[in-house]
Amino acid sequence: MRECFVCCRYANTERHHLIGGTAKRRISDRYGLVVDLCRECHHKAHTDSNLYLMLHQYGERQWLKQNNATADDFIKVFGKNYLED
């Protein structure tokens, strides 16, 4: 059992890629952009647009910090900036 990144409950968690999509999932793996989510939060991450955006923005911030990079660098790798409105 691990702590869910969203609700902080300890449960059997599932791995969630912060930046998803077929090709982007592999890139997320390469950069460690994954979190543990309980089943309920994992479902919400794919159906709740606010949570979906929050997780993508968190992933982008983590990537920018880890790579000392800019938003343009992120766009080159992931194809989109999630921090812009």
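Helices (H or I, at least four residues) and strands (E, at least two) are DSSP runs, numbered from the N terminus.

The model is predicted: local features need pLDDT of at least 70, side-chain atom pairs count only at pLDDT 80 or more, and totals for chains, interfaces and linings use all residues. Residues are numbered from 1 along each chain as its sequence is written, and side-chain values use heavy atoms, with hydrogens and water left out.

At its start, a side-chain oxygen of D48 comes to within 2.8 Å of the backbone nitrogen of N50. After helix 3 comes N68, with a positive phi near 45 degrees. N68 is not a glycine, and its place is the loop between helix 3 and helix 4. With a relative accessibility of 75%, N68 counts as exposed; the term exposed applies over 50% relative accessible area, buried under 20%, and partly exposed in between (1.4 Å probe, protein chains only).

Most residues other than glycine have a negative phi. C8 sits in the loop between strand 1 (2–3) and strand 2 (10–11), and its relative accessibility of 46% makes it partly exposed.

The packing of helix 3 against helix 2 comes next. Two packed helices are described by the angle between their axes and the distance between the axes. Here axes are lines fitted to C-alpha atoms, for helices over the stretch in contact, and angles run from 0 to 180 degrees between N-to-C directions. Helix 2 (residues 39–47) and helix 3 (residues 49–67) pack at about 95 degrees, and their axes are 6 Å apart. The two helices are therefore roughly perpendicular, a term for angles of 65 to 115 degrees. The contact (heavy atoms within 4.5 Å) brings C41, K44, A45 and T47 of helix 2 together with S49, L51, Y52 and L55 of helix 3. Of the residues in this contact, five are nonpolar, two polar and one charged. In this division Ala, Val, Leu, Ile, Met, Phe, Trp, Tyr, Cys and Pro count as nonpolar, Asp, Glu, Lys and Arg as charged, and the others, Gly among them, as polar.

Which residues of helix 3 are buried? They are L51, L55, H56, Q57, G59, E60, W63 and L64. An α-helix has 3.6 residues a turn, so residues three or four places apart point the same way. The buried residues of helix 3 pack against strand 3 (13–17), helix 1 (22–31), strand 4 (34–38), helix 2 and helix 4 (71–78). One of the buried residues of helix 3 is Q57, with a relative accessible area of 18%. Not counting residues up to four places away in sequence, Q57 touches Y82 and L83.

Helix 1 can be followed through three of its residues. K24 lies in helix 1 and is partly exposed, at 27% relative accessible area. Apart from neighbours within four places in sequence, K24 is in contact with I19, F78 and Y82. The C-alpha atoms of K24 and H42, 18 residues apart in sequence, are 17 Å apart in space.

S28, another residue of helix 1, is buried, with a relative accessible area of 0%. Beyond its neighbours within four places in sequence, S28 contacts H17, L18, I19, L33 and F78.

Y31 is also in helix 1, and its relative accessible area of 26% makes it partly exposed. Its contacts, leaving aside neighbours within four places in sequence, are W63, Q66, N67, V77 and F78. Along the chain Y31 and N67 are 36 residues apart, while their C-alpha atoms are separated by 9.4 Å.

The loop that leads from strand 3 to helix 1 contains G21. At 32% relative accessibility, G21 is partly exposed. G21 and M54 are 33 residues apart in sequence, and 16 Å separates their C-alpha atoms.

Terms used. Angles under 35 degrees count as roughly parallel, over 145 as roughly antiparallel, 65 to 115 as roughly perpendicular and the rest as oblique. A polar contact is a pair of N or O atoms within 3.5 Å; within protein, one must be able to donate a hydrogen and the other to accept it, and residues adjacent in sequence count only if both atoms are side-chain atoms.
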